[in-house]
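Let's take a friendly tour of a protein model together. Have the sequence and the 3D view open, and look up each residue as it comes along.

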Amino acid sequence: MSPIHHFIQCSGLEVHVTTWGNPSSPCVVLWHGLTRTGRDFDELAQALSADYFVLCPDTPGRGLSQWCEHPEQQYTIPFYAQIATGLLQYFGVRQCKWVGTSMGGLIGIYFAHHYPAQIESLLVNDVAPEVPALAVERIRTYVSLLPTFTTFNELEAWFRQVYASFGRNTDAFWQRMAITSARRNSEGRLTLHYDPRLVIPFQQQGNQNLWAEWCGLAAKVLIIRGETSDVLLSELVDKMLASKPQAQLIELPGVGHAPTLAQSESIVLVKRFLAEC
């Protein structure tokens, strides 16, 4: 099955969403990380599409979604949750299951707390309600520096090196990741698809946290952690479980930040969690 592409007006912006499966099936939202796109989830979305209607948005400022005019206000978790509300309304979805990687997990925590009737269950992939200071500084640095490339092969090789912490993935995954992450700049060179102004809220607001939202969650929760993650540190996992003991935890060996959930064993884990709730 191939995805269907939609370009939807939400909160004054055009948002690109790929959908998989039958719209009459239960809905699962797959939301990507900070500088990624919804196409990262192709393998998982296809595997889920037999049983679910799967939504994979590109967050504004990424992929094929429109860039924001007011980055300091719009490249924020509350605004992304507002976008999510608009997407669910557009597709007539009253309740969904949510799988969020990194930033997508933070959006899920915020959304599930403020709109509890709309999220039945939440899978938080390799992120805590707060991001460690060293990881925040790393993010500030790499987001603001857009590399450029002469050839596509150079771009793909860069992705394989920079995102080695994603773990084992197929050649097809890496090629698609590079294709769906590329755009030409004004000089005709290849660069990355996202708006570098994503870093502005980090610079102005510093490291925010969502512990109040986490502690108030009513949805069933699964936490997935990459064994060597520098974002979801073990002490943060302990704090998450202490404040929400009913949450489940699965740690994936040999992976850092963040697991792609594209491998067959990861897909089985996700399917099992979604089926249980």
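## The cavity

Which residues line the largest cavity? They are Val17, Val29, Trp31, Leu55, Pro57, Ala84, Leu87 and Leu88. On a 1 Å grid over the protein atoms alone, a cavity is a set of points where a 1.4 Å probe fits but cannot get out, and lining residues have an atom within 4 Å of a point. The structure holds 1 cavity of 30 Å³ or more, and the space in the largest cavity is about 40 Å³. Such a volume is the space filled by probe spheres set on the grid points, which are joined across faces, edges and corners.

Strand S3 (27-31), strand S4 (53-57) and helix H3 (77-90) each give at least two residues to this lining. The largest share, 3 residues, comes from H3. Helices (H or I, at least four residues) and strands (E, at least two) are DSSP runs, numbered from the N terminus. Sorted by class, the lining has 8 nonpolar, no polar and no charged residues. Here Ala, Val, Leu, Ile, Met, Phe, Trp, Tyr, Cys and Pro count as nonpolar, Asp, Glu, Lys and Arg as charged, and the others, Gly among them, as polar.

## How to read the model

This is a predicted model, in which local features need pLDDT of at least 70 and side-chain atom pairs count only at pLDDT 80 or more, while totals for chains, interfaces and linings use all residues. Residues are numbered from 1 along each chain as its sequence is written, and side-chain values use heavy atoms, with hydrogens and water left out.

## The whole chain

The chain has 11 helices and 10 strands. Its radius of gyration is 17 Å, close to the 19 Å that the globule rule gives for 277 residues, so the chain is as compact as a globular protein of that length. That radius is taken over C-alpha atoms, and the rule is 2.2 Å times the number of residues to the power 0.38. Along its principal axes, the C-alpha trace spans about 50 × 40 × 40 Å.

Of the 277 residues, 56% count as buried. Buried means under 20% relative accessible area, exposed over 50%, and partly exposed in between (1.4 Å probe, protein chains only).

## Residues in helices

Isoleucine 77 is found in helix H3 and is buried, with a relative accessible area of 18%. Leaving aside residues up to four places away in sequence, isoleucine 77 touches Met103, Leu106, Ile107 and Tyr110, where contact means heavy atoms within 4.5 Å.

Now find glutamate 72 in helix H2 (residues 71-74). Glutamate 72 counts as partly exposed because its relative accessibility is 28%. Although glutamate 72 and proline 201 are 129 residues apart in sequence, they are 5.1 Å apart in space, C-alpha to C-alpha.

## Residues in loops

What is the phi of serine 102? It is near 55°, a positive value in a residue other than glycine. Serine 102 lies in the loop between strand S5 (96-101) and helix H4 (103-114) and is buried, with a relative accessible area of 14%.

Aspartate 126 also has a positive phi, near 60°. Look for aspartate 126 in the loop between strand S6 (119-125) and helix H5 (133-144); its relative accessible area is 0%, so it is buried. Finally, the peptide bond from histidine 257 to alanine 258 is cis, with omega near 0°. Alanine 258 sits in the loop between strand S10 (248-252) and helix H11 (264-276).

Technical notes. On a 1 Å grid over the protein atoms alone, a cavity is a set of points where a 1.4 Å probe fits but cannot get out, and a pocket is an open set with protein on both sides within 12 Å along at least five of seven lines; lining residues have an atom within 4 Å of a point.
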